Amino acid sequence: MVQKEGSKFIEVWRNNTKHPVGFDSQHLFFDKFRTCYTIFGSEGKPELLYKLTACDTSKKIESALIFESPVDQHSYQNCTKYQGYKPCLLAVTADGWLVRHDLKTGEVLQKVYLSKNYRLKHLLWESDLLRVVLKSVHFTFQGRPVMFLSIFSLAPLEFQALIPVEKSIFGQDIDGAAASNGFLVVMHHSNRIRFYSMLEVIKNYSFATKLGETIFSSEGSSIVGEYPDGIPVNVSFTSKPVVLFEISSDQHVISFGGYPWHCISCPQPNSSVFHVCSVRDFKLAKKGILEMDFLSVEPDQAYFHADNSGRILHIGPHEIRCLKLCQTESVTSGFELRHCFVLDLKKERGSNEGPRFTSSGREIKARTDQVFNNPGFETILDVDYEDELDILVVLSTDVSSDTPCGVIGLFDNQTGLLIQETTISNWIQDADHSIMMEKDTIVHIIKDYNNCSRKFSCTVYRLNPS
């Protein structure tokens, strides 16, 4: 349908709001996650699923994730309590609750009280559809942990650990911490990143406890996950865990992928020069230094492709380069990067632009500087990947005409060939833009900072196969 001649994406719905807009797979969220739409409503337009009742700011939803995954018979039997198998919005509130809302009705399926002391605020996937991590705010009080991380598993919702990240254990220059795919990741002010085994942390430094279980301490008894005590700090470090992997990268940006495992880092501070190295021995891949020839205010990006192909996307202000990690033919059997394709959006549009003339008929001749053209002005604004259609979705701005406009380009993920382009009429130049595609639907979200106030706009485009 996308490639069919005459088919195009048309705007079917738009909504403006003063709060951030959330989108995950098939759902749109407004009013700080309290209003939920499905994008697959009647007549091809988003349709309201539910609207939660208004609440005080002290009880607002701080962060949320969608859990929607099939479960096998064994898992289903373990999930009957609280209907743990149901698709849900998992949300953390400002007053310290972790809440599961039915994704179709908004009904509360389960509530777990976290704590009034640790201020767990940010909810992220630790391992997709398996475990989540809750991150606390940073604390600056002397003698107190810098922050806390809490791990929960899903289907059913179970408490795993509440981890204090302490300077006395991990070093005085701690900048932050995260949990990802079985690793405890600790970041330092020197741009250093250290990886520890989460399995080791839980096995050697924690005691096991479950939601609803009564535990005893010097202060008395409490029930895990219930008000007023919430979940306990069940991890206590008596020594520093073993460091599995250590690397330096500007802004702690790092990406893992490829086979065998490689990582992409940015060793030099305040630069957009990336190194692709082997995880096993830190050996730099041949042609493994990635750098664009353009100067830009915004940093470039480089990461392993979301299609799990082991390829790398290197994104600059005007170009997207797709590279593949291949084994060299030399005796040393190292690895090198080879180009798969390049999307040069500025060159494609510039080649289509004809001469321009003044009202008197005189041709306008503009100087073109390929290295420093329009400093700070980005052509490429966002990139998404649609896995079912195997399409790269690129949101860019076209300044070849007198009135700049946005363009959504759909490119073949294997060859880089342009499949289709859609022009965006509802365009704000000086704003943050994001683009997401789900099957035959494209969602464009704008964050506008003009007039000293934040405004958000969400536009939905649907494929018209006529």
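Start by selecting Phe 33, which is found in the loop between β3 (27-30) and β4 (35-38). Strands, like helices, are DSSP runs numbered from the N terminus; a strand is a run of E of at least two residues, and a helix is a run of H or I of at least four. Phi of Phe 33 is near 75°, which is a positive value in a residue other than glycine. Phe 33 counts as partly exposed because its relative accessibility is 22%. The cut-offs are these: buried means under 20% relative accessible area, exposed means over 50%, and partly exposed lies in between, with a 1.4 Å probe and protein chains only.

Before going on, note that this is a predicted model, in which local features need pLDDT of at least 70, side-chain atom pairs count only at pLDDT 80 or more, and totals for chains, interfaces and linings use all residues. Residues are numbered from 1 along each chain as its sequence is written, and side-chain values use heavy atoms, with hydrogens and water left out.

Select Asn 270, in the loop between β21 and β22 (274-278). Its phi is near 55°, again a positive value in a residue other than glycine. Is Asn 270 buried or exposed? Asn 270 is exposed, because its relative accessible area is 74%.

**Two cis peptide bonds**

Go to Tyr 259 and Pro 260, which are joined by a cis peptide bond with omega of about -10°. Pro 260 sits in the loop between β20 (254-257) and β21 (262-265).

Now select Ala 155 and Pro 156. The peptide bond from Ala 155 to Pro 156 is cis, and omega is near 5°. Pro 156 belongs to the loop between β12 (147-153) and β13 (158-165).

**The cavity**

Rolling a probe the size of a water molecule over the atoms shows where empty space is left. Here the search uses a 1 Å grid over the protein atoms alone: a cavity is a set of points where a 1.4 Å probe fits but cannot get out, a pocket is an open set with protein on both sides within 12 Å along at least five of seven lines, and lining residues have an atom within 4 Å of a point. Points are joined across faces, edges and corners, and a volume is the space filled by probe spheres set on the points.

The structure holds one cavity of 30 Å³ or more, and the largest cavity has about 30 Å³ of space. Its lining divides into five nonpolar residues, one polar and one charged. In this count Ala, Val, Leu, Ile, Met, Phe, Trp, Tyr, Cys and Pro are nonpolar, Asp, Glu, Lys and Arg are charged, and the others, Gly among them, are polar.

Select Trp 125, Asp 128, Ser 180, Asn 181 and Ala 306 next. These lie nearest the centre of the largest pocket, which is lined by 50 residues. The largest pocket contains about 2,200 Å³ of space. Its lining has 28 nonpolar, 12 polar and 10 charged residues.

From Asn 181, look along the chain in both directions. Strands β14 (residues 174-180) and β15 (residues 183-188) pair in the antiparallel sense over six bridges; two strands pair if DSSP finds at least two bridges between them.

Select Ser 197 in strand β16 (residues 192-197). Ser 197 counts as buried because its relative accessibility is 17%. The side chain of Ser 197 reaches the backbone nitrogen of Glu 200 at 3.1 Å. Ser 197 also touches Gly 182 and Leu 244, not counting residues up to four places away in sequence; contact means heavy atoms within 4.5 Å.

Glu 319 lies in strand β26 (residues 319-327). At 10% relative accessibility, Glu 319 is buried too. Which side chain makes a polar contact with the side chain of Glu 319? It is that of Arg 321, at 2.8 Å. A polar contact is a pair of N or O atoms within 3.5 Å; within protein, one must be able to donate a hydrogen and the other to accept it, and residues adjacent in sequence count only if both atoms are side-chain atoms.

**Last stop**

Finish at Tyr 303, in strand β24 (residues 301-304). Tyr 303 and Ser 255 are 48 residues apart in sequence and 5.5 Å apart in space, C-alpha to C-alpha.
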